Amino acid sequence: MNALFTGLTALMLLSMPARADDIDLRLRGLDGELKDNTQIYLNQLPAIKVEQLSRFRNEIITAVTDSLQALGYYNPEIALQQSPDNPDRVTVQVNAGEPVRISTLTVTLNGDAQQDPAFARLQQNFAIKEGDVLHHNRYEQAKGSLLSLALRRGYFDAAYQLSQVRVRPWDKAADVILDFNSGPRYYFGELQIDSDRPADRLVKPLVNIHPGDPYHATQLAELSRSLSSTRYFKQVEVLPRVSEADDENRVPLSVLLKARADNEVELGLGYSTDEGPRASVNWEKPWINSLGHSLSTNLKISAPSQDVTLVYKIPRGHPLEEYYTIQGGYQRLDQDDTESDRLVAGVHRWNIDENDWTRDVFLRAEYESYTQGKQEDSSFLLIPGISYSRTRVRGDLDPYWGDSQSVTFELSEPWWGSDTRFVRVWARSKWLRTLTEDHRVLARAEQGAVWVDEVQDLPPSLRFFTGGDTTVRGYSYQSITPVDANGDRLGAKYATALSLEYDYRFAPKWRLATFVDGGTATNDYRDDWKIGTGLGVRWLTPVGPVRLDLAFAVTEEDTPWRLHFTLGPEL
C-alpha cells in the first residue's frame, strides 16, 4: 500500500508542468549615463518567462531604443543573446553608435522681454547650444527656463508660439526651434495689509516695493522672509492678485498676517561637561502694543549657575535692523573657587548693516558680590561699551562653509561712579571650510585683555579664565588661570586660546575628528601655554551636531585625559 502511494505521488509530481523562471536581462556595451538610463527603462518591463522571450523581444528592443533616444542616440545596434547553458539569462548587447547633435538652434524672443536684460543674459548662457548632443531632458530644461524667468519677472501672459525639435537620424543632426512670446510685463500695484493686529507701523519699514515698479517675485519672497524673521507673526502670506490687474498691468498685492500668541513658553534641556545637566525656560510676549514692543524672560539652571534675564525690545525703525533693548538680570555662580551674586541692568542700541554686521552700543550697570579664592569683595560698575558680531553659515544644520566674528570693547571710570578704572577688550573668530566632500577643517582664535592696575580690583565676571569644552579641551572649565599659594584660581588680565580641528565624514551623519587646542590665561605671558589634543566623534541630529571628544592634556605630568560632550551649532 505504501509503495503504491509513493508511486502515485511521484507520478503526479512528474506530470505537473515545470515552473518557468523569469529571464535575467544582462546589459552589455554601455556605461555611465547611457547604461543607467537604459537599465531604468529595462526595469520597468514586466517579468518575462523564458518561453515568452520571443513575444517580448520587440518590447525589450523598444525600451532600449527609447532610453538611448532620450539621451540623443538614435542609431543604436541592439542584439539579444540567450545563453545556451542558462536559457533564463539573456544578454542585451548594445552599440549606442554616434549621437545626434544640435545642428541649428533658433530662439526667437517676442514681447516686452526683448528689452529685458535678464532675458539677454539667459540667452547668452542658454542650457543648450549648437553642437551639443540632443539630450531631451536638457532641451526641456532650457525650454522651461524661459517660462520660469518670465513668471518670476512678471510676464504672466508668456507662452511658446512654437517649440519644435526636428531630428534627422540619418544625418546625426537635429534642428531646435523655440519661438517665445513674453507678452507685456506687469507691474506692482497697491499693497494691502490684512492683519489681526495693528501691524502697519512694523510692516512699512520692511516693504521695499513701490507701486509702478516692474514685478519681480524675488522682492515678494524677500518681504515674506523679512516678515517671518521679525518673530511677530506665526503666519505670513504675500500674495500677488494677478487676476485683478488693471488696464495698465498693475498687480495689487495682499499681505496676510496672523500674529503669534500673546504668551509663548519654551522649555529646553541640555548637557555639557563644563556645566553638567542644564535646563531652561523661556517666556516670550511678542506683542505688548501696536508699536511692536515685546518682552522675553529666560531662566537657565545648572548645578554651578542659575541665571535669569529679562529683555524689553523697542523697534526704532526697521524692526530687524534698528531697535533698542532694555535688559536686566541676576546670576548666581558657585563653581570651583568662584562664588558670585551678580545684578545687571543695561540699555542697548542695535544696528545691523548690509553686510550682516550687528553693532551693539550699550551702557551697563552691574553690582557683584563675590568670593574668588580667599578674596571676598563687592563692586559697582557703570560700563559703556560697543560690540560687533557677525555669523555666516552655508549648509543649515550641517554647514559646509561658515565663519563668525565678535569683538567687544568696554571701559569703566571712577569719575562717573564706578569702583574701578579699566579698559577691556575681548575678541573671537571661528572658521569652517570644506576641503573636499568628506573632509573639512575648523579653526578658532580667541583673545582677551583688560588694562587695570590690579586684577583683584575686578569682579570675577570680568577677569579671564580659559579651558573647557569650547576653549582648551583636555582641561576642566576655566581651570587655566593664575593661582595663589593655596592653589585657588585668581583670574587673569589676558587670555589667548587657539584651536585647529580636522573632521572626516565616514557615514552620512557621522564624522571622526582630531584636534589640537592651546591657550593660556596670564598676567604677563610668562606662564607656559597649555596644550590639549585628542580624538572625537560627531553625530548630526535634527537639533544640531552632538560632539564627544576624548582629549589629553599633553603639557601636564602623566598626561591626564577628559571627556568633553557638547550639543549645538559649531559657529
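Biologist: Which residues line the largest cavity?
Modeller: L333, Q335, D336, D337, T338, Q372, F465, Y477, Q478 and R489 line the largest cavity. A cavity here is a set of points, on a 1 Å grid over the protein atoms alone, where a 1.4 Å probe fits but cannot get out, and lining residues have an atom within 4 Å of a point. This is a predicted model, in which local features need pLDDT of at least 70, side-chain atom pairs count only at pLDDT 80 or more, and totals for chains, interfaces and linings use all residues. Residues are numbered from 1 along each chain as its sequence is written, and side-chain values use heavy atoms, with hydrogens and water left out.

Biologist: What volume does the largest cavity have?
Modeller: Its volume is about 80 Å³, meaning the space filled by probe spheres set on the grid points, which are joined across faces, edges and corners.

Biologist: And how many cavities of 30 Å³ or more are there in the whole structure?
Modeller: The search finds two.

Biologist: Changing topic, how do β17 and β18 pair?
Modeller: They pair in the antiparallel sense over 10 bridges; pairing requires at least two DSSP bridges. S387 stands opposite T408 in β18.

How values were computed:
Helix = DSSP H or I, 4+ residues; strand = E, 2+ residues; numbered from the N terminus. 1 Å grid on protein atoms, 1.4 Å probe; cavity = no way out; pocket = protein on both sides within 12 Å on 5 of 7 lines; lining within 4 Å.
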